[in-house]
Amino acid sequence: MQIGVLGLGRMGGNIVRRLVRHGHHCVVFDQDPAAAQALAGSGVTGGSDLADLVRRLAAPRVVWVMLPAGGATEAAVTRLGELLQPGDIVVDGGNSYYKDDVRRAHALKVKGIRYVDCGTSGGVWGLERGFCLMIGGDADAVGHLDPIFAALAPGQGDIARTPGREARDPRVARGYMHCGPSGAGRFVKMVHNGIEYGLMQAYAEGFDILHKAGGAEVPEERRYEFDLTDVAELWRRGSVIGSWLLDLTATALARDPELEGYSGHVEDTGEGRWTIMTAIEEAAPAPVLSAALYARFRSRENDSLADKLLSAMRHAFGGHLEPPKR
């Protein structure tokens with residue numbers, strides 16, 4: 001299947017690579033020519049600009065937008081609305097706000113252009129592990145894109161099947177789901193990222209408590225010097241709190257036990273805030289997720305091992321680089 005991909009950063013480039021591995025052909029464009037050149041080869045054609053990318057696609061054209069949320073994505077979708085024809089499809093695979101997806105889908109529908117929002121999880125590991133995809137939009141458009149989603153998703157792998165799911169949508173067990181109409185996929189991804197904040201914060205705080213068990217504030221007879229690297233590895237082995245985030249934590253500690261390579265300044269990219277805003281709109285209690293978001297705000301004022309560990313996890317799963325402390 002042929003698809004255009006706009007935006008070739010950490011995830012966009014790996015989306016192209018994974019699609020090509022599965023026999024699809026990608027027409028690509030990025031403002032940085034070097035990003036497109038790095039993908040040059042069989043199965044990839046470069047466009048000189050967005051209009052050229054569209055010209056190189058056969059109808060019905062499909063363009064996957066993988067740009068930062070906000071102005072860059074807004075401008076790209078607006079421009080695609082001018083370039084594409086009725087029946088064509090725009091996929092936004094970035095981290096846009098779901099309300100923006102609903103608005104964009106309505107604006108493009110007037111022109112006969114279909115819009116699909118696709119929450120994409122997997123970070124820099126998506127090329128090898130696959131991307132977990134949370135999809136919203138018209139069922140016909142989503143069905144047309146099924147070969148693309150199937151190629152990007154992790155597949156069944158070696159994860160045991162959940163009992164009782166025999167009559168349910170098999171795509172979910174392969175790592176991608178049509179969550180509902182416009183905005184639904186991004187809504188699920190938004191909550192996913194809010195939960196991610198909470199899980200990361202729980203690990204970070206727990207390890208910080210272990211770290212401080214040997215401090216001068218603790219009575220001498222109850223001081224413990226724990227090897228956090230070994231504790232992380234231990235908990236990976238049969239513990240009820242085992243997870244991929246813990247795997248990444250163990251790797252980060254093994255490489256840098258004192259986390260000296262991390263500033264402890266933890267950014268947030270929007271989804272956590274949107275999750276809390278939505279919880280307020282729904283009057284849905286979310287004390288853990290709220291506290292995790294506020295902890296990131298606090299991290300920008302002073303650092304701790306917990307903050308450095310959050311930085312380490314963000315770098316490990318998503319390639320995020322925190323700015324240095326001022």
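**Questions about a fold**

Biologist: Let's start with Val 116: leaving aside its neighbours within four places in sequence, which residues is Val 116 in contact with?

Modeller: Contact here means heavy atoms within 4.5 Å. Once the neighbours within four places in sequence are set aside, Val 116 is in contact with Ile 89, Val 90, Val 91, Asp 92, Ile 135, Gly 136, Ala 141, Val 142, Leu 145 and Phe 149.

Biologist: Before we go on, what kind of model is this?

Modeller: Residues are numbered from 1 along each chain as its sequence is written, and side-chain values use heavy atoms, with hydrogens and water left out. Local features need pLDDT of at least 70, side-chain atom pairs count only at pLDDT 80 or more, and totals for chains, interfaces and linings use all residues, as this is a predicted model.

Biologist: Back to Val 116, then. How many residues does the largest nonpolar core have?

Modeller: A nonpolar core is a set of buried Ala, Val, Leu, Ile, Met, Phe, Trp, Tyr and Cys residues joined through side-chain atoms within 4.5 Å. "Buried" means under 20% relative accessible area, while exposed is over 50% and partly exposed lies in between (1.4 Å probe, protein chains only). Trp 64, Val 116 and Phe 149 have the most contacts inside the largest core, and its size is 31 residues.

Biologist: Which helix gives the largest share of this core?

Modeller: Helices (H or I, at least four residues) and strands (E, at least two) are DSSP runs, numbered from the N terminus. Four residues make up the largest share of this core, and they come from helix H8.

Biologist: And how many residues are in the second, separate core?

Modeller: Ala 204, Leu 210, Ala 250 and Val 266 are among its members. In total, this separate core has 25 residues.

Biologist: Now helix H4, residues 71-83: how far does H4 reach from its first C-alpha to its last?

Modeller: The expected span of a helix is 1.5 Å times one less than its number of residues. With 13 residues, H4 is expected to span 18 Å, and its reach is close to that, at 18 Å.

Biologist: Why do the buried residues of H4 sit on the same side?

Modeller: The buried ones are Thr 73, Ala 76, Val 77, Leu 80, Gly 81 and Leu 83. An α-helix has 3.6 residues a turn, so residues three or four places apart point the same way.

Biologist: Let's look at helix H13. Which helices are included in what covers its buried residues?

Modeller: In H13, Glu 271, Gly 272, Trp 274, Thr 275, Ile 276, Thr 278 and Ala 279 are buried. Their cover includes H5, H10 and H14.

Biologist: Is Ala 283 buried or exposed?

Modeller: Ala 283 is found in the loop between H13 and H14. It has a positive phi of about 55° although it is not a glycine. Its relative accessible area is 66%, which means Ala 283 is exposed.

Biologist: What is the relative accessible area of Leu 259?

Modeller: Leu 259 has a positive phi of about 55° too, and it is not a glycine. Its place is in the loop between H12 and H13. Leu 259 is buried, with a relative accessible area of 0%.

Biologist: What angle lies between the planes of Tyr 97 and Tyr 98?

Modeller: Rings of Phe, Tyr and Trp (its six-membered ring) pair if their centres lie within 6.5 Å; planes under 30 degrees apart count as stacked, over 60 as edge-to-face and the rest as tilted. Tyr 97 is buried at 11%, and Tyr 98 is buried at 15%. Their pair is edge-to-face, with centres 5.3 Å apart and planes at 85°.

Biologist: Which residues form one aromatic cluster with Tyr 97 and Tyr 98?

Modeller: The structure holds nine aromatic pairs. Tyr 97 and Tyr 98 share one cluster with Phe 187 and Trp 274.

Biologist: Which ring does Arg 296 lie over?

Modeller: A charge sits over a ring if NZ of Lys or CZ of Arg is within 6 Å of the ring centre and within 35 degrees of the ring normal. Arg 129 lies over the face of Trp 244, at 3.9 Å from the ring centre. At 3.7 Å from the ring centre, Arg 296 lies over the face of Tyr 197.

Biologist: Last one: is the peptide bond from Ala 59 to Pro 60 cis or trans?

Modeller: Pro 60 is found in the loop between H3 and S4. With omega near -10°, the bond from Ala 59 to Pro 60 is cis.
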